[in-house]
Amino acid sequence: MRSNTTVANQYRAAAYGHGAMPPTYRSSSLSGGRWWAEVGWRHIVAIVTIVYCIIPLLYVLSVSLNPNATLTGSNSLFEKISFDNFAALGSGKYSAYWSWVLNSLIVSTATAIGTVLMGAAAAYAFSRFRFRGRRATLTGLLLVQMFPQMLAFVALFLLLLGIQDIFPVLGLNSKLGLICVYLGGALGSNTFLLYGFFNSIPRSLDEAAMIDGATHAQTFWTIIMPLVRPVLAVVGLLSFISSLGDFVIAKVVLQDQSQFTLAVGMYMWAADSRTAPWGIFAAGSVIAAVPVILLFQYLQKYIVSGLTAGAVKE
């Protein structure tokens, strides 16, 4: 019997010709100059970007730990470390801080949940149903999202001022009124974003559910919504962050200090830059970032997961 080596050589001769050698594959490692030209510069850009993003965060954290921090006297990072600024929050003239935090969480959470539910329902209707005016409405949503919401703050003020005489709970100085303003401003862009993801869900899933006797509501909640969970997480996260950090609209709507959100309330501390308590202001900013970080970490598994992975069996 012929050895395995002889058989292997015959296969090589048949594949590459007699006397020819198989091609040598390029090593995965690159030479120094070529590595810098193709890969190395990307590392440099990434490092510069990370440093550019981290330095302001470190500066704010350093100021929050400095008991006598000022804008001009806090150039040395972590020169003094103390938690006096964090302890001062919620006491004395800063006693309203935690109520502002609660107001911000209420408004942001309600806005995020409402945005997800309303946007998903509207996107499902545009994606699955065919009705008169559907194309014109989609075009209108595309045009509306081109204009930022703050351009209409004068109209919003007059509208809420008129509503206040009839429904005070929806007028000025109302958290519910502010939530409604946020929902109306985010509905257009989020609906158009969700509409594209709903179109990526195969209609065969809807048809299979209807054959089994499912209604449109059952199909929407049990079939479609779990498959678009990643984009719902993104929409909810972006809505939460934008409403938590919004200042212009919240300042127009909210009038009473007890109704202030965190952005509006902390602005009152920094209104006079010469006497502003920058250490306490930085401490409050650090605490305000904690909910966003926790929410992002919780939703990260949905953001990175596939949209319809395993939904349709090939």
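Colleague: Is tyrosine 94 buried or exposed?
Modeller: This is a predicted model, in which local features need pLDDT of at least 70, side-chain atom pairs count only at pLDDT 80 or more, and totals for chains, interfaces and linings use all residues. Residues are numbered from 1 along each chain as its sequence is written, and side-chain values use heavy atoms, with hydrogens and water left out. With buried meaning under 20% relative accessible area, exposed over 50% and partly exposed in between (1.4 Å probe, protein chains only), the 11% relative accessibility of tyrosine 94 makes this residue count as buried.

Colleague: How many aromatic pairs does a search of the whole structure find?
Modeller: Rings of Phe, Tyr and Trp (its six-membered ring) pair if their centres lie within 6.5 Å, with planes under 30 degrees apart counted as stacked, over 60 as edge-to-face and the rest as tilted. On that basis, the number of aromatic pairs found in the whole structure is 13.

Colleague: How many residues apart in sequence are the parts that tyrosine 94 and tryptophan 269 tie together?
Modeller: The two rings form an edge-to-face pair, at 5.1 Å centre to centre and 80 degrees between the planes. Helices are DSSP runs (H or I, at least four residues), numbered from the N terminus. Because tyrosine 94 lies in the loop between α3 (84–88) and α4 (97–128), and tryptophan 269 in helix α12 (residues 262–269), the separation is 175 residues.

Colleague: Which helices does tyrosine 97 join by pairing with tryptophan 269?
Modeller: This pair is stacked, at 6.0 Å centre to centre and 25 degrees between the planes, and both residues are buried. Given where the two residues lie, the helices are α4 and α12.
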